[in-house]
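Let's take a walk through this one together, a stretch at a time. Have the viewer open and follow along.

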Amino acid sequence: MGYTTYTRPKFVTLICIVGFLLVLFSMPSVFSPDTRAMGDYYPALFGMLIAFRFIAYVGLWHFKRWGVELFMYTIFANVIIGLLTDTFNVVGTVYHVIILVILAFFYKKMDRNL
Amino acid sequence: MFFLTLFRESISFALHALRVNRLRTTLSLLGITIGIFAIIAVFTAVDSMERKVRSSLESLGENVIFVQKWPWTFGPDYPWWKYMNRPLPAVRETEEILRRTENVDAAVFTGNIRKTLYYKTSFIENAQILVTSKGYEQVKTFELSGGRFFTDQESETGSAVCVVGYGVSQALFAGQDPVGLELKLYGQKVQIIGTFAREGESMLGNSHDNMVAVPAEFAQRYVDLETDQVNPSILVKGRNGISVEDLKDELMGTMRGVRRLKPGADDNFSLNEVSLLSSQSESIFRVFGTAGWIIGAFSILVGGFGIANIMFVSVKERTNQIGIQKALGAKNWFILTQFLFESVVLCIIGGLIGLGLVYLGAVIASRAMDFEFVLTSSNVILGLTISAMIGIISGFIPAYSASQLDPVEAIRSGM
C-alpha cells in the first residue's frame, strides 16, 4: 500500500503568493473610511470574506480540494454582497473567475482530505 | 448540537491554554489590544467631532444662505484686496431682499458686538451681543427655556429687550430666573424677556449659551452696525421645496439689483451656503479617519504576527497532547477548530480590552473636556470584527499545521 503524493504546480504557487499579498493588502481596507461608510455591518461581512479567502489560499497552497471549493464560495459571496451593496467590481470578479477556471483544471489532481 | 459541543470544548481548551500561560498570553494580547485601541479611539474621536460639527451646522439652518462681505472658501490666488473694499450687508438690504424676492421665506440681519454687561454689582466683560432684525426665530433653530423671543413690533421699534443665553444667565443670576429682570447695556436698562435653552459648546462658536440677543434697531442707536468688527450678515432662508441653487440664483440677481451693480461688474458680496462648510469639514474628518486607519492598520498587523507566533509556540508545546487526542480518535478538523478558536478567543479578548480602554478614555475625556465622546455600536462591531478576522488569519496556519500532525510522530516528540 503506497502513499499518494501531491505536488503543487508552479502556477498554483504563483496564484497563492499573489492571493496572500492581495489578502494582506485588503486587510486594512476592512476598516477604511470608505468601507465604514457602507454601513455598520459591511466591514464585518467584508472582514469575514477576507479571512475565508485567506483560508482558501492556505488550502490551495496545500493543494487541497476544499481550498478550491472555499475559494469558489468566497467569490460567490463577494458577488452577492457587491450586487446588494451596489459595489460590484467587474475587474476583480473576472480576475477571480479566471483563477477559478484555472484551478478547476487541477481539481482532480488535488487531495480530497482536510 | 454536535457543533455546539465542539464549540464549547474548543472554548474550554482555549481558555485553559490561556490560563496556564498568563504572562505569555497577556503579552501576545497587547499587540491586538493596542491595535484595536488605536483604531477605535481615533474613529471614536473623529465620529464624535463629526457629529458635533454636523449638529452645529444644522443649527445654522438647512436651506439657508449667508449674504456676507467675505466668502467662506478661498482659492489659492483670491483677490483679497477686492474683497476688502466691498460694502458690508446692512439692515435695509434685508428688507429689500424680502420685498424683491419670491423664493425667500425669511431673511434676517445679524451681527456680533463685544460689550460689557451689567446687572447690579455683577458684570461680564466683553459679553457677546447678538444683534438681530425681525425673523431670527424663522431662520435659526433654537429653543427657549423660559419667556419668549422678540415680537416683530419690538424688533421694528428697537425696544430695549433682550434674550439671554444659559452661560450668561448662570454667570449673572446664579440660579435666579432672569426673565423680567433688567440688564444694563450702553448705559441703558434692557429688560430680559426670555432665556435660550442650554446648547453646550459648538464647534463653530455659534452656541447661544454665551450670547445676549438684542434687536438690531436698538443696537444701531449706539453702535454702527456696518463695520467689520460687527461682522454683519444677512441670513436668507428659502421657501419649502426651493433648492439652495435656485435660492442662490434669485439672491444673486436681487443683491446685484439692491447694490445697483452694472452688468459685467464683479459682485461685491458673497453668498455662502452651509453645504460649503459641511463638505470642507467632511474632507478634514476624512483625513483624520485615514490617519487613524493607517496607524491602526500597522498596529493590527504587528498584533496579528504576535498572535501567529504565539499560536505556533502553543502548537509546538502541545504536540504530545495533539498526538494523544488523535490516537484517541480526534479528527483533523477537531484539532484545527480547537486551535483556531483559541486564536480567535485570544484576539477577541485583546479586542475587548482595547474597546474597554477606549470606553474608559471616552468617559474620562468627556468629563474633562466638556465634549461628549461616544463609543458607538458600529465602532464596537468594527473592533470585534477586526479582532475575529485577525484571530482567524493569524491562527489558521498554526491550527492547520497542528491538524496535519502524524499521531505517532506527535506522541513521540513529547516523550
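Two strands count as paired if DSSP finds at least two bridges between them. The elements named below are DSSP runs, numbered from the N terminus: helices are H or I runs of at least four residues, and strands are E runs of at least two. This is a predicted model, where local features need pLDDT of at least 70, side-chain atom pairs count only at pLDDT 80 or more, and totals for chains, interfaces and linings use all residues. Residues are numbered from 1 along each chain as its sequence is written, while chains are lettered from A and ligands numbered from 1 in the order in which they are written.

Start with strand β5 (residues 161–164) of chain B. In β8(B), B:Val163 has B:Ala213 as its bridge partner. Strand β8 (residues 211–215) of chain B runs antiparallel to β5(B), and two bridges join them. With strand β7 (residues 188–196) of chain B, β5(B) runs parallel, and here there are four bridges. Look for B:Thr195 in β7(B), opposite B:Val164. Now check the side chains of β5(B): B:Val161 and B:Val163 point one way, B:Cys162 and B:Val164 the other, and all are buried. Buried takes 20 or more other C-beta atoms within 10 Å of the residue's own, exposed 12 or fewer, and partly exposed lies in between, with C-beta atoms placed from the backbone.

Next, the loops. Most residues other than glycine have a negative phi. A:Asp86 is not a glycine, yet it has a positive phi of about 60 degrees. Find A:Asp86 in the loop between α4 (65–84) and α5 (90–106) of chain A; it is exposed, with 7 other C-beta atoms within 10 Å. Chain B has a case too: B:Arg260, also not a glycine, has a positive phi of about 55 degrees. B:Arg260 sits in the loop between α9 (244–258) and β10 (270–273) of chain B, and it counts as exposed with 7 C-beta neighbours inside 10 Å.

On to where the chains meet. The contact takes 18 residues from chain A and 21 from chain B, with two residues in contact if their C-beta atoms, placed from the backbone, lie within 7 Å. On the chain A side, α2 (33–37) and α3 (42–61) each supply at least two residues, and α3(A) gives the largest share, nine residues.

Finally, confidence: pLDDT is the predictor's own, per residue, from 0 to 100. Chain A averages 88, with 97% of the residues scoring at least 70. Within chain A, α2(A) is lowest at a mean of 80 and α4(A) highest at 93.
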